[in-house]
Amino acid sequence: NMIIGNAVLILGAAAMSSIAEVWHIYLLYSIVIGAGQAFGSFIASNGLIMNWFHRRRTIAITLLSACGGIGGLIFPPVITFFMSKFGWRDAWLAVAGIHLIMGLLIPALLIRNTPKEMGQTPDGDSPTDTAAAAAAPKKQPVYQTKTDWEMKNVFKSRPFWMIVTFSAAIMFTVNFVSLHMVAYLKDAGYSAMTAATGIGVFNAL
(Lines give C-alpha, C1' and ligand atoms only; values in the text may rest on other atoms or scores of the structure.)
Protein backbone atom coordinates (compact mmCIF):
# COMPACT_ATOMS: atom_id res chain seq x y z
CA ASN A 1 0.00 0.00 0.00
CA MET A 2 1.44 3.34 -1.09
CA ILE A 3 0.09 5.25 1.91
CA ILE A 4 1.46 2.80 4.50
CA GLY A 5 4.84 2.55 2.77
CA ASN A 6 5.28 6.30 2.56
CA ALA A 7 4.14 6.72 6.18
CA VAL A 8 6.91 4.32 7.23
CA LEU A 9 9.43 6.27 5.12
CA ILE A 10 8.34 9.58 6.70
CA LEU A 11 8.66 8.20 10.21
CA GLY A 12 12.14 6.87 9.39
CA ALA A 13 13.26 10.19 7.89
CA ALA A 14 11.94 12.14 10.89
CA ALA A 15 13.65 9.73 13.29
CA MET A 16 16.97 10.23 11.44
CA SER A 17 17.04 13.77 12.85
CA SER A 18 17.49 12.33 16.36
CA ILE A 19 20.08 9.60 15.80
CA ALA A 20 22.91 9.29 18.32
CA GLU A 21 24.52 5.94 17.50
CA VAL A 22 25.85 4.31 14.34
CA TRP A 23 23.39 1.45 14.62
CA HIS A 24 20.56 3.99 14.43
CA ILE A 25 21.67 4.72 10.87
CA TYR A 26 21.71 1.03 9.98
CA LEU A 27 18.23 0.54 11.42
CA LEU A 28 16.52 3.69 10.19
CA TYR A 29 18.24 4.42 6.87
CA SER A 30 18.86 0.87 5.67
CA ILE A 31 15.79 -0.95 6.98
CA VAL A 32 12.98 1.46 7.85
CA ILE A 33 13.51 4.03 5.08
CA GLY A 34 14.51 1.31 2.60
CA ALA A 35 11.37 -0.73 3.29
CA GLY A 36 9.19 2.37 3.16
CA GLN A 37 10.68 3.42 -0.17
CA ALA A 38 10.29 -0.06 -1.65
CA PHE A 39 6.67 -0.56 -0.62
CA GLY A 40 5.60 3.07 -0.91
CA SER A 41 7.30 3.87 -4.19
CA PHE A 42 8.61 1.11 -6.46
CA ILE A 43 6.15 -1.68 -5.76
CA ALA A 44 3.08 0.50 -5.25
CA SER A 45 3.72 2.69 -8.31
CA ASN A 46 4.22 -0.26 -10.62
CA GLY A 47 1.10 -1.89 -9.20
CA LEU A 48 -0.92 1.25 -9.99
CA ILE A 49 0.40 1.27 -13.55
CA MET A 50 -0.64 -2.36 -14.00
CA ASN A 51 -4.17 -1.45 -12.91
CA TRP A 52 -4.54 1.76 -14.90
CA PHE A 53 -2.76 0.87 -18.15
CA HIS A 54 -2.95 -2.12 -20.47
CA ARG A 55 -2.13 -0.95 -23.99
CA ARG A 56 -0.02 2.02 -22.85
CA ARG A 57 1.69 0.24 -19.98
CA THR A 58 5.18 0.45 -21.47
CA ILE A 59 4.91 4.22 -21.96
CA ALA A 60 3.57 4.65 -18.42
CA ILE A 61 6.46 2.68 -16.90
CA THR A 62 8.93 4.71 -18.97
CA LEU A 63 7.46 7.99 -17.72
CA LEU A 64 7.52 6.70 -14.14
CA SER A 65 11.21 5.87 -14.45
CA ALA A 66 11.88 9.30 -15.97
CA CYS A 67 10.15 10.98 -13.02
CA GLY A 68 12.47 9.11 -10.67
CA GLY A 69 15.46 10.50 -12.56
CA ILE A 70 14.06 14.04 -12.40
CA GLY A 71 13.53 13.74 -8.64
CA GLY A 72 17.06 12.43 -8.24
CA LEU A 73 18.35 15.45 -10.16
CA ILE A 74 16.41 18.08 -8.21
CA PHE A 75 16.44 16.94 -4.59
CA PRO A 76 20.18 16.51 -3.78
CA PRO A 77 20.85 20.25 -4.25
CA VAL A 78 17.64 21.10 -2.37
CA ILE A 79 18.60 18.89 0.57
CA THR A 80 22.14 20.30 0.54
CA PHE A 81 20.67 23.79 0.76
CA PHE A 82 18.67 22.81 3.84
CA MET A 83 21.76 21.22 5.38
CA SER A 84 23.88 24.33 4.80
CA LYS A 85 21.22 26.64 6.25
CA PHE A 86 19.74 24.62 9.10
CA GLY A 87 22.04 21.63 9.76
CA TRP A 88 21.66 17.99 8.85
CA ARG A 89 19.18 17.14 11.62
CA ASP A 90 16.70 19.78 10.50
CA ALA A 91 17.39 18.76 6.90
CA TRP A 92 16.06 15.29 7.71
CA LEU A 93 12.93 16.89 9.15
CA ALA A 94 12.60 18.87 5.92
CA VAL A 95 12.89 15.64 3.93
CA ALA A 96 10.16 14.11 6.08
CA GLY A 97 7.97 17.18 5.58
CA ILE A 98 8.44 17.25 1.81
CA HIS A 99 7.65 13.56 1.60
CA LEU A 100 4.61 14.03 3.83
CA ILE A 101 3.18 16.46 1.29
CA MET A 102 4.34 14.90 -1.99
CA GLY A 103 4.39 11.23 -1.04
CA LEU A 104 1.46 10.95 1.35
CA LEU A 105 -1.07 13.78 1.33
CA ILE A 106 -1.22 14.44 -2.43
CA PRO A 107 -1.39 10.72 -3.37
CA ALA A 108 -4.07 10.14 -0.70
CA LEU A 109 -6.18 12.90 -2.26
CA LEU A 110 -5.58 12.22 -5.95
CA ILE A 111 -4.59 8.59 -6.53
CA ARG A 112 -7.03 5.69 -6.78
CA ASN A 113 -5.93 2.07 -6.96
CA THR A 114 -8.10 1.12 -9.94
CA PRO A 115 -9.96 2.99 -12.69
CA LYS A 116 -13.17 1.32 -11.52
CA GLU A 117 -13.12 3.41 -8.34
CA MET A 118 -13.66 6.49 -10.54
CA GLY A 119 -16.04 4.88 -13.01
CA GLN A 120 -13.33 4.59 -15.66
CA THR A 121 -11.55 1.84 -17.55
CA PRO A 122 -7.83 1.20 -18.20
CA ASP A 123 -6.15 3.50 -20.73
CA GLY A 124 -9.15 5.85 -20.63
CA ASP A 125 -11.07 3.66 -23.07
CA SER A 126 -14.84 3.74 -23.13
CA PRO A 127 -16.69 0.66 -21.78
CA THR A 128 -17.67 -0.18 -25.38
CA ASP A 129 -14.04 -0.18 -26.53
CA THR A 130 -13.03 -2.29 -23.53
CA ALA A 131 -15.74 -4.86 -24.24
CA ALA A 132 -14.79 -4.99 -27.92
CA ALA A 133 -11.11 -5.48 -27.07
CA ALA A 134 -12.00 -8.31 -24.69
CA ALA A 135 -14.09 -10.03 -27.38
CA ALA A 136 -11.48 -9.63 -30.11
CA PRO A 137 -9.19 -12.57 -30.93
CA LYS A 138 -6.03 -12.49 -28.88
CA LYS A 139 -2.76 -12.14 -30.73
CA GLN A 140 -0.38 -14.94 -29.96
CA PRO A 141 2.81 -13.55 -28.37
CA VAL A 142 6.21 -14.59 -29.59
CA TYR A 143 6.61 -16.77 -26.52
CA GLN A 144 4.06 -17.84 -23.97
CA THR A 145 4.90 -20.09 -21.06
CA LYS A 146 2.71 -23.08 -20.39
CA THR A 147 3.32 -22.76 -16.66
CA ASP A 148 0.44 -21.43 -14.59
CA TRP A 149 2.52 -19.15 -12.39
CA GLU A 150 1.49 -18.96 -8.76
CA MET A 151 3.46 -17.23 -6.03
CA LYS A 152 4.85 -20.46 -4.62
CA ASN A 153 6.04 -21.48 -8.08
CA VAL A 154 7.74 -18.13 -8.61
CA PHE A 155 9.80 -18.47 -5.43
CA LYS A 156 10.93 -21.93 -6.54
CA SER A 157 12.07 -20.84 -10.00
CA ARG A 158 15.69 -20.18 -10.93
CA PRO A 159 14.95 -17.21 -13.27
CA PHE A 160 13.21 -15.35 -10.44
CA TRP A 161 16.19 -15.66 -8.10
CA MET A 162 18.58 -14.75 -10.92
CA ILE A 163 16.58 -11.54 -11.49
CA VAL A 164 16.56 -10.81 -7.75
CA THR A 165 20.29 -11.46 -7.40
CA PHE A 166 21.41 -9.38 -10.38
CA SER A 167 18.96 -6.57 -9.59
CA ALA A 168 20.25 -6.46 -6.02
CA ALA A 169 23.84 -6.37 -7.28
CA ILE A 170 23.04 -3.48 -9.63
CA MET A 171 21.22 -1.48 -6.95
CA PHE A 172 23.98 -2.15 -4.42
CA THR A 173 26.58 -0.81 -6.84
CA VAL A 174 24.56 2.27 -7.83
CA ASN A 175 23.61 3.13 -4.24
CA PHE A 176 27.15 2.50 -2.98
CA VAL A 177 28.52 4.99 -5.50
CA SER A 178 25.81 7.60 -4.94
CA LEU A 179 26.04 7.30 -1.14
CA HIS A 180 29.75 8.15 -1.10
CA MET A 181 29.91 10.47 -4.11
CA VAL A 182 29.32 13.71 -2.20
CA ALA A 183 32.02 12.94 0.37
CA TYR A 184 34.42 11.93 -2.40
CA LEU A 185 33.83 15.11 -4.43
CA LYS A 186 34.18 17.30 -1.33
CA ASP A 187 37.51 15.61 -0.53
CA ALA A 188 38.53 16.36 -4.12
CA GLY A 189 37.99 20.06 -3.47
CA TYR A 190 34.49 20.67 -4.78
CA SER A 191 31.88 22.56 -2.79
CA ALA A 192 28.98 20.75 -1.15
CA MET A 193 26.47 22.20 -3.64
CA THR A 194 28.62 21.23 -6.62
CA ALA A 195 28.97 17.72 -5.21
CA ALA A 196 25.21 17.51 -4.66
CA THR A 197 24.61 18.66 -8.23
CA GLY A 198 27.00 15.98 -9.42
CA ILE A 199 25.11 13.26 -7.63
CA GLY A 200 21.89 14.70 -9.03
CA VAL A 201 23.22 14.35 -12.56
CA PHE A 202 24.39 10.81 -11.72
CA ASN A 203 20.89 9.92 -10.51
CA ALA A 204 19.29 11.43 -13.60
CA LEU A 205 21.48 9.36 -15.89
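I took contact to mean heavy atoms within 4.5 Å, and with that I looked up how far along the sequence the contacts of this predicted model reach. Among contacts in the protein chain between residues at least 6 apart in sequence, I found that 66% join residues at least 24 apart.

**Entry: overall make-up**

I went through the secondary structure and noted 8 helices and 0 strands in the protein chain, so that, read from the N terminus on, the elements run α-α-α-α-α-α-α-α. I then turned to burial and surface: 21% of the 205 residues of the protein chain count as buried, and the accessible surface comes to about 14500 Å², of which 70% belongs to carbon and sulfur atoms.

**Entry: the nonpolar core**

I asked myself which residues make up the largest nonpolar core. I found 5 residues in that core, namely Leu9, Met16, Ile19, Leu28 and Ile33, and I noted that helix 1 (2–16) and helix 2 (22–52) each supply at least two residues of this core.

**Entry: helix 1 against helix 2**

I looked at the axes of helix 1 and helix 2, which come within 8 Å and cross at roughly 155°. Since angles over 145 degrees count as roughly antiparallel, helix 1 and helix 2 are therefore roughly antiparallel to each other. I recorded their crossing as left-handed. On the helix 1 side I found that the contact is made by residues including Met2, Gly5, Leu9, Gly12 and Met16, and on the helix 2 side by residues including Leu28, Ile33, Gly36, Gly40 and Leu48.

**Entry: Ser41**

I picked Ser41, which is found in helix 2, and asked how its C-alpha atom stands to that of Met2. The two residues are 39 residues apart along the chain, while their C-alpha atoms are separated by 6.6 Å. Ser41 counts as partly exposed because its relative accessibility is 28%. Leaving aside its neighbours within four places in sequence, I found Ser41 in contact with Gly36 and Asn46.

**Entry: helix 3 against helix 8**

I next checked helix 3 (residues 57–86) and helix 8 (residues 192–204), which pack at an angle of about 165° with their axes 7 Å apart, and helix 3 and helix 8 are therefore roughly antiparallel to each other. I noted that helix 3 passes helix 8 in a right-handed crossing. Where the two meet, I listed Gly69, Gly72, Leu73, Pro76, Pro77, Thr80 and Phe81 in helix 3, and, in helix 8, residues including Ala192, Met193, Ala196, Gly200 and Ala204.

**Entry: Ala196**

Leaving aside its neighbours within four places in sequence, Ala196 is in contact with Pro76, Pro77, Thr80 and Val182. I also looked up Phe75, which is 121 residues from Ala196 in sequence and 8.8 Å from it in space, C-alpha to C-alpha.

**Entry: Asp123**

Last, I looked at backbone angles, bearing in mind that most residues other than glycine have a negative phi. Phi of Asp123 is near 70°, a positive value in a residue other than glycine. I placed Asp123 in the loop between helix 4 (88–110) and helix 5 (127–135), and I noted that Asp123 is buried, with a relative accessible area of 11%.

Key. Residues are numbered from 1 along each chain as its sequence is written. This is a predicted model: local features need pLDDT of at least 70, side-chain atom pairs count only at pLDDT 80 or more; totals for chains, interfaces and linings use all residues. Side-chain values use heavy atoms; hydrogens and water are left out. Helices (H or I, at least four residues) and strands (E, at least two) are DSSP runs, numbered from the N terminus. Buried means under 20% relative accessible area, exposed over 50%, partly exposed in between (1.4 Å probe, protein chains only). Accessible areas come from the Shrake-Rupley method with a 1.4 Å probe; for residues, only the protein chains shown count as cover. A nonpolar core is a set of buried Ala, Val, Leu, Ile, Met, Phe, Trp, Tyr and Cys residues joined through side-chain atoms within 4.5 Å. Axes are lines fitted to C-alpha atoms, for helices over the stretch in contact, and angles run from 0 to 180 degrees between N-to-C directions. Angles under 35 degrees count as roughly parallel, over 145 as roughly antiparallel, 65 to 115 as roughly perpendicular and the rest as oblique. A crossing is left-handed if the near helix is turned anticlockwise from the far one by less than a right angle, and right-handed if clockwise.
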